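The following note sets out numbered remarks for a colleague who will work from the coordinates. Please read each point beside the sequence and the model.

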Amino acid sequence: MLKSINLFDFNQKVNYKTEVLAGLTVAMTMIPESLSFAILADFPPLMGLYAAFIMGLVTAIFGGRPGLISGGAGATVVVLIALMKSHGLEYVFAAVAMAGVFQIIVGLFKLGKFIRLVPQPVMFGFVNGLAVIIFMAQIEQFKTVLDGQTVWLSGTPLYIMAGLVALTIAIVLIFPKISKAVPASLMAIIVVGILVFTLKIETKTVKDIASVSGGFPPFHIPNIPFTFETLQIILPYGLIMAGVGLTEGLLTLNVVDELTKTKGNGNRESLAQGVANILNGFFFGMGGCPMIAQTLVNISAGSRARLSGIIAALTILSVILFASPLIENLPMAALTGVMIMVAISTFEWMSFKIINKMPKQDIIVGMLVAGITIWLHNLALAVLMGVIISALVFAWESAKRIRARKYVDDKGVKYYEIYGPLFFASTTAFTEKFDVVNDPNEVVIDFAESRIADMSAIEAVNKITERYAQLNKTVRLKHLSEDCRKLLARADKVIVVNILEDPTYRVAGD
C-alpha cells in the first residue's frame, strides 16, 4: 500500500524537511485563492477551503504523480456560476458530484491518453495565458470596496501595498542566494507578516476577503428532486466541469513532467480527480482540479514527493479548525507578491527565443490559445480551439505531400507508385494524378509508400477503380493493408493479394 502511493517508499529519496516546508508554502497561497474563487461564484467562503482540503488530500495520495497540487480552482468554479444563479447551491453540489463520475469514467476507460493530441504550441499558449491570468488576478488586490463600489487603492494604502509586494518579491529573489533551507516563498510570507504585525501597518489582510474559521466538512446529500428534469439541468454543467478539470489537470501534469523529467499517469489522475469531486459534492466542497500556480509553487520549493500535497491539505484543515485568527491576519501583499513571482516563473519565456524558428501557423495557434485563455478564462475552449486549428493545419500540410511516381514497364503495364498519406484532405490531389482515358489497359497502383487512413481515402480508391472498370481496363492495387482490402467494394476483382508484401497496420496502445 505504502509503495503504491509512493509516499513513504524508502526506495524513493524523500527530503521530508523540504516536503513539509513546501506543503506549508502551498497552503498559504491556496487559502486566499480558494476563498476568492468561492466568493466570485457567490458560494459560502468555506466551500472553497473545503474543496482545497478534499481535492488536495485525495489527489496527493492517489493522484497521477507526486508534486501535483489540486484544490478549488477557478477554471472549474467559473463553469458553475450560471448554475448557482439559476438553481442554487444544492444543484451545484449535484453537478460537482456528477463531474466526478464523468472523470472516473475517463480514468477507467484510459482516455487520459488523448492529452497527447495537444501540440507544443498549444501548451505554450495555455501556460502563457495562465501566467497572464495569475498576474492579472494579483492586480485585483490593489483594489478595495468603497461605498459599495470597487475602486483602486490610492494614497498611503496604495504605497503600503506596493511596498510590501515589492519587499516580498525581493525576498523571493534574494533569499535563495543566502539559504535554501526554507522555501523563499514561505520565508517572504513570514517576514512580511511579522513586519506588518510588529509595526502595526494598516493593510489588507486575508480576513478582509472572508473568514476562514469553521468545522470539519459536513456530510450533506444534495437536496434536489431525483427526476429526469433535474438530470437535464445538471448534466451539461457536470460534463463541462469534468472536461475543464481534466484538461487543466492533464496539461498541468504534462508541465510537471517536463519540469521534473519524470512521467506521470493521466488515467490515475483522472480517477483521483473524480473521487475527490464526488466527495466534494457530498461534503460541502465547490469541487476543483489541479492548480498550475500552486503546483509550480510546490515544485519550485523543491517538492518531488506526495508528502507536500498531504501537508498542504492538512494545514488547510488545521487552519479551518484551529488557526484561523493567525491566517486571517496575514497581509494580502505577501501572498500577492508570491503569486506574482509564480506568474513570472510560469510564463514560457523561451517561447520568445524560439519564435523566429517556429512555423507561422504554430505562432498563430500559440497566440490564439493564450488569447482565448486570457479573454474568456475558458481553458477547455482555448485548448480545444488550439487542437482543432493545429489538426487542420497538419491536414493541409500533409495533403500537399501526396504524389505519384509514374512509369511504364517493358510489358506495357503502367505503374503509379503513391507517396504520402491518403486521407480526406488529399483525396482530390490523389485522383488528379491519374490519366484514366489515356492509360494502357493494365494499370498497377502501388501503396508501398503510402497509407490509406480513412473512409474518404477508401472511397477515392474505389472511385478510381470504377472509372478504369468502366473503360474495361484492369487495375491492380498492391501493398494494401488487410483492413483496406476488406473495405474496398470491388476488392475481390481488382486487388493483388501478396501475403509477403501487403502490410498489416496496428493501432498503438497506451
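1. Burial terms. A residue is called buried under 20% relative accessible area, exposed over 50% and partly exposed in between, with a 1.4 Å probe and protein chains only. By this definition Phe430 is buried, because its relative accessible area is 1%. Phe447 is likewise buried, with a relative accessible area of 1%.

2. Basis of the values. The model is predicted, so local features need pLDDT of at least 70 and side-chain atom pairs count only at pLDDT 80 or more, while totals for chains, interfaces and linings use all residues. Residues are numbered from 1 along each chain as its sequence is written, and side-chain values use heavy atoms, with hydrogens and water left out.

3. Overall description. The chain has 20 helices and eight strands; helices (H or I, at least four residues) and strands (E, at least two) are DSSP runs, numbered from the N terminus. Its C-alpha atoms fill a box of roughly 100 × 55 × 55 Å along the principal axes. Of the 510 residues, 52% are buried. The accessible surface (Shrake-Rupley method, 1.4 Å probe; for residues, only the protein chains shown count as cover) is about 24500 Å², and carbon and sulfur atoms account for 64% of that surface.

4. Contacts across the sequence. Contact means heavy atoms within 4.5 Å. Among contacts between residues at least 6 apart in sequence, 80% join residues at least 24 apart.

5. Aromatic pairs. The structure holds 13 aromatic pairs; rings of Phe, Tyr and Trp (its six-membered ring) pair if their centres lie within 6.5 Å, and planes under 30 degrees apart count as stacked, over 60 as edge-to-face and the rest as tilted. Phe219 and Phe282 are stacked, because their ring centres lie 6.3 Å apart with the planes at 15°. Phe219 belongs to the loop between α8 (184-199) and α9, and Phe282 to helix α10 (residues 266-282), so the pair ties together parts 63 residues apart in sequence. Phe219 is exposed at 56% relative accessible area, whereas Phe282 is partly exposed at 29%.

6. Phe430 and Phe447 form a tilted aromatic pair, 6.3 Å centre to centre with 35° between the planes. This pair links helix α17 (residues 427-431), which holds Phe430, to strand β7 (residues 442-452), which holds Phe447; the two residues are 17 residues apart. Phe430 and Phe447 also belong to one aromatic cluster with Tyr416 and Phe434.

7. A polar atom of its side chain lies 2.6 Å from the backbone oxygen of Glu248. Leaving aside residues up to four places away in sequence, Thr252 touches Leu68, Pro290, Ile292 and Thr295.

8. Helix α11. Eight of the nine residues of helix α11 (residues 292-300) are buried, among them Ile292 and Thr295. Just after α11, Gly302 takes a positive phi of about 100°.

9. Backbone angles to check. Most residues other than glycine have a negative phi. Lys200, not a glycine, has a positive phi of about 50°; Lys200 lies in the loop between α8 and α9 and is exposed at 68% relative accessibility. Lys261, also not a glycine, has a positive phi of about 60°; Lys261 lies in the loop between α9 and α10 and is exposed at 73% relative accessibility.

Methods: Polar contact = N/O pair within 3.5 Å; in protein donor to acceptor, adjacent residues only side chain to side chain.
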